[in-house]
Amino acid sequence: MLFSVLDIIGTIAFAISGTLTAIEKRFDIFGIAIIAAVTAIGGGTLRDMLIGNTPVMWLQHLEYLYIVIATIIVTIFFRKSLNKLRTSLLLFDTMGIGIFTLIGIQKGLLIGLHPIVCILLGTVTACFGGVIRDTLCNEVPIIFKKEIYATPCIIGGGIFFLVQYMGFTQNIIYLVTIISIITIRLFAVRLHWSLPVVKL
Amino acid sequence: MLFSVLDIIGTIAFAISGTLTAIEKRFDIFGIAIIAAVTAIGGGTLRDMLIGNTPVMWLQHLEYLYIVIATIIVTIFFRKSLNKLRTSLLLFDTMGIGIFTLIGIQKGLLIGLHPIVCILLGTVTACFGGVIRDTLCNEVPIIFKKEIYATPCIIGGGIFFLVQYMGFTQNIIYLVTIISIITIRLFAVRLHWSLPVVKL
Amino acid sequence: MLFSVLDIIGTIAFAISGTLTAIEKRFDIFGIAIIAAVTAIGGGTLRDMLIGNTPVMWLQHLEYLYIVIATIIVTIFFRKSLNKLRTSLLLFDTMGIGIFTLIGIQKGLLIGLHPIVCILLGTVTACFGGVIRDTLCNEVPIIFKKEIYATPCIIGGGIFFLVQYMGFTQNIIYLVTIISIITIRLFAVRLHWSLPVVKL
C-alpha cells in the first residue's frame, strides 16, 4: 500500500520533469509524450529487461500509462507555473529517485539476487530513465557530468541492507532508505557538492 | 500467408530507407549494414525484448537477415536511381509503418495483453527502428520533431480493435488497419500536417 | 578454465579503454564508472537480452563487477602511464574483441541457434559495448566510420565453424578463432585498412 502510493508519486514526478524538458526542446506533442514516458518508466523498463521480468511492468500494469498520460496533460496545461516552480519540483524529482531506488532493490531481492546487484538495479531504476531521455534528446547524459544522482542511490541502497540487517520492520526499512536518499541528494544540490573529475 | 508477404514488404521498405540514410552519412559498408538492419528490425527487436519474446525474432527466423542483406546489396547498386525515387519510396516506407503496426498489435494479442498496450507495441514496432537509427547517427529522432509517424499508427491501432469488435474476419481487419494507416500518413505528408508544438 | 581466464582478460581490456575514454571526456567518477562498465559488459548485456538469457550475466556473476571496479581504480591511478601506452593497449583491446566474439558464439550455440546468428551474436558481444559507449558519449559510434572492428569478428566467426567442421578439439577451435581475429585486426590497423565507403 505505502509502496504503490510511493510508486505513483515517483512516476508523476519523473513524468513532469520529462514533459518540461521536451517542451523546452520544442518537440511536438508526440515527442513530448515519448520523452515524458521514457523519463518516468524508462529506468524500470531497462531493469525489467535486465532481470527478465517480462512483459515489462507497464505492459502488465496499465496504471503506469494512465498516470503518465494524465501527468503530461496536466503539465502541458500548467506548464508556465510548473516551470517557475522548477526548484520546488526538485523535491518531487528527488522523491522519485529515492522511491525508484527502493523499488529496484525490491525487484532484485524478489528473484534472489545479491545485495550488491540489487543496489545497482535500484540505481538503474532511478537514474537510467534520465540517461535514455538525454540520449534521445541528443545530449550527454547530465548524470555523467553535473549533478549527484547516482551516489545517493548507492549510499541509500547500502543503508537499506544495513537497516534490514539490524532487524527492523519492512516499513521502517523503506522509510529510512527513502529519507536518506532524499536527504543526501538535497544536501548535495544545496551545497553544490559534485563528484571529483579525474584529470589526465 | 498474407501476413508474411506483408512482413517481407515492410522489412524491405525499411531496409532501403536505412541504407540510403547511412550512405548519405558516409558510413563504411559495415556501418551501412548496421543502420539498415537497425531501421528494418530494430523496432521488432525492442518489442520482443519488452514482451520477453526471446530469442528475438531475427535470431529465430533467418529470413529477416537474408532479406535485409539482399536489400542492402541491391540498394547500394541502384542507390542513384533509388535516391531520386525517394518520394516514391515514401509509399513503401508508409506501407512498412502500416504493416509493422499490425504485426506489433498481433504479437501483443498473442500473449494476452490489453488492447491499449497492444497499440503501443504496434507503434514501437513501426517507429522505434527509426528512433534507434537516428540515435545511433547522433541525431534527434526525426519523429519527435518533424513528421507524423506515430499518430497514424495509434489511430490505425484504434481502428483495428473497432473493426475487430464489429466482428469482421481477420483478413478484413488486417487490410482495413493497414489501409487506414497508409491513408492517414500519406494525407499527413501531402497536406504538411504536423502535430502541435507546445510553447513555454 | 581457459575460457574464464580469457573472459577476465577481455573484460579488463575493455574496462581500461572505457575508463581512459571517460577521463578524456572529463566525466565525474560516476560517469567514468558507467562508461567503463558499459564498454566492458554492454555488449554481453545486449546479447543476453536478445537471447533471453536473463538475469543478464553480470547480475548472476558478480566477478564481472569486481573486475570492472578494480580495473577502474587501477586505471585511474596509473592513467598517465596507461594513456602513453595506448598503442600497446590496442593489443589488449584486440584480445578483448577476439575473446568476446568467441563467448558470444558459444552462448548462441548453447541455445541451439543457427551458425550465422551465432556469428552475429559474437559480433554484438564484441562490438556493441563500444557502440553504446559512443552513443552515451553523444558521438557517432566509431565502428561505423573509422576502424575495422566487426569484419575480423565476422571472419573469425566463419573460421570458428570451419575449424569445428574439420573436427578439431574445442581448445584448438577456441585458439584458432581468437588468433585469427587478433591477427586480422592488427593487420587492419597496421596497414590502415578500411572498409569502402559508398558514394552517392
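**Note on the chain contacts of a predicted three-chain model**

1. Chain B can be laid on chain A by a turn of 120° with a shift of 0.0 Å along the axis, giving an RMSD of 0.0 Å. The superposition is by least squares on the C-alpha atoms of residues with pLDDT of at least 70 in both copies. That is the relation of a three-fold axis. The copies use different surfaces, since 10% of the contact residues of chain B recur in chain A.

2. This is a predicted model, in which local features need pLDDT of at least 70 and side-chain atom pairs count only at pLDDT 80 or more, while totals for chains, interfaces and linings use all residues. Residues are numbered from 1 along each chain as its sequence is written, chains are lettered from A in the order in which they are written, and side-chain values use heavy atoms, with hydrogens and water left out.

3. The contact of chain B with chain A takes 29 residues from chain B and 30 residues from chain A, contact meaning heavy atoms within 4.5 Å. The area buried between chain B and chain A is about 2700 Å², and carbon and sulfur atoms give 75% of that area. Buried area here is the accessible area (1.4 Å probe) that two parts lose on being put together, summed over both.

4. Between chain B and chain A the count is 0 salt bridges, a salt bridge being a side-chain nitrogen of Lys or Arg within 4 Å of a carboxyl oxygen of Asp or Glu. There are 3 residue pairs in polar contact between chain B and chain A, both residues at pLDDT 80 or more. A polar contact is a pair of N or O atoms within 3.5 Å; within protein, one must be able to donate a hydrogen and the other to accept it, and residues adjacent in sequence count only if both atoms are side-chain atoms.

5. On the side of chain B that touches chain A, helix 2 (29-51) and helix 7 (115-136) of chain B each supply at least two residues. Helix 7 of chain B gives the most, with 7 residues. Helices are DSSP runs (H or I, at least four residues), numbered from the N terminus. The residues of this side divide into 21 nonpolar, 4 polar and 4 charged. Ala, Val, Leu, Ile, Met, Phe, Trp, Tyr, Cys and Pro count as nonpolar, Asp, Glu, Lys and Arg as charged, and the others, Gly among them, as polar.

6. For chain C and chain B, 28 residues of chain C are in contact with 30 residues of chain B. The buried area is about 2700 Å², with 75% from carbon and sulfur atoms.

7. Over all chains the count comes to 9 aromatic pairs. Rings of Phe, Tyr and Trp (its six-membered ring) pair if their centres lie within 6.5 Å; planes under 30 degrees apart count as stacked, over 60 as edge-to-face and the rest as tilted. B:F27 and C:F144 form a tilted pair, 5.4 Å centre to centre with 50° between the planes. B:F27 lies in the loop between helix 1 (2-24) and helix 2 of chain B and C:F144 in the loop between helix 7 (115-136) and helix 8 (150-165) of chain C, so the pair joins two chains.

8. Some backbone points deserve a check. A cis peptide bond joins A:T54 and A:P55, with omega about -10°. A:P55 sits in the loop between helix 2 (29-51) and helix 3 (57-60) of chain A. A:R26 is not a glycine but has a positive phi of about 60°.
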